[in-house]
Amino acid sequence: MKPTIKIIDVQFYMTDKGRIPVKEWLKKLTPADRKTIGDDVRTVELGWPIGMPLVRKIDSRLWEVRSDLSNSRISRVFFTVSGHMMILLHGFIKKSAKTPLNDLRIAKQRMSHFDKGKI
């Protein structure tokens, strides 16, 4: 059997104080929801670049992993790409058709922080 080769590796964004926001958010979800999101992120690792319906480009260097969860809920995980790394910046459960501006702002702030070499 041929080994699975990742095209891109996942790294979690870390704050200056050592917090890992996406990992903290994931731990609050049910095991089934964590598995769904993890499987979707893994699909990106193995098949990057990927487009819709799993991945949507948000901005020039910002994408989202789109996961369908139990009970008709959907989640989004914003990420950026640096070299061969997929940096998970922010995750949330989407409650409306439009992406909340606050969630987008958080992801962009973290991307900017990462760009300054402070990860």
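Gly91 is in contact with Val22, Trp25, Arg76 and Val77, once its neighbours within four places in sequence are left aside, where contact means heavy atoms within 4.5 Å. Gly91 lies in strand S5, and with a relative accessible area of 9% it is buried; here buried means under 20% relative accessible area, exposed means over 50% and partly exposed lies in between, with a 1.4 Å probe and protein chains only. The C-alpha atoms of Gly91 and Ser75 are separated by 7.2 Å, although the two residues are 16 residues apart along the chain.

This is a predicted model, in which local features need pLDDT of at least 70 and side-chain atom pairs count only at pLDDT 80 or more, while totals for chains, interfaces and linings use all residues. Residues are numbered from 1 along each chain as its sequence is written, and side-chain values use heavy atoms, with hydrogens and water left out.

His90 also lies in strand S5, and His90 is buried, with a relative accessible area of 9%. Leaving aside its neighbours within four places in sequence, His90 touches Val22, Arg76, Val77 and Phe78, and also Asp103, Ile106, Ala107 and Arg110. Asp103, Ile106, Ala107 and Arg110 are among the buried residues of helix H3. From His90 to Leu101 the distance is 13 Å, C-alpha to C-alpha, across 11 residues of sequence.

Helix H3 covers residues 101-115, and its 15 residues reach 21 Å from the first C-alpha to the last, close to the 21 Å expected at 1.5 Å a residue; the expected span is 1.5 Å times one less than the number of residues in the helix. The buried residues of H3 also include Leu104, Met111, His113 and Phe114. What do the buried residues of H3 pack against? They pack against helix H1 (21-27) and against the strands S2 (55-59), S3 (62-68), S4 (74-82) and S5 (85-94). Just after H3, Gly117 takes a positive phi of about 75 degrees.

Leu62 is buried, with a relative accessible area of 0%, and, not counting residues up to four places away in sequence, it touches Lys57, Phe78, Phe79, Leu89, Leu104, Ala107, Lys108 and Met111. Leu62 and Phe79 are 17 residues apart along the chain, while their C-alpha atoms are separated by 5.8 Å.

The loops hold several backbone features. In the loop between S3 and S4, Asn71 has a positive phi of about 60 degrees although it is not a glycine, and Asn71 counts as exposed at 69% relative accessibility. Ser72 is found in the loop between S3 and S4; its phi is near 60 degrees, a positive value in a residue other than glycine, and Ser72 is exposed, with a relative accessible area of 77%.

Which peptide bonds are cis, one joining Trp48 and Pro49 and one from Met52 to Pro53, can be read from omega. Pro49 lies in the loop between helix H2 (31-47) and S2, and Pro53 lies in the loop between H2 and S2.

Taken as a whole, the protein chain has 3 helices and 5 strands, where helices (H or I, at least four residues) and strands (E, at least two) are DSSP runs numbered from the N terminus. Read along the sequence, the pattern is β-α-α-β-β-β-β-α. The C-alpha trace spans about 40 × 35 × 25 Å along its principal axes. The radius of gyration of the chain is 14 Å, which agrees with the value near 14 Å that a compact globule of 119 residues would have; this radius is taken over C-alpha atoms, and the globule rule is 2.2 Å times the number of residues to the power 0.38. Of the 119 residues, 39% count as buried, and residues 24 or more positions apart account for 49% of the contacts with a separation of 6 or more.
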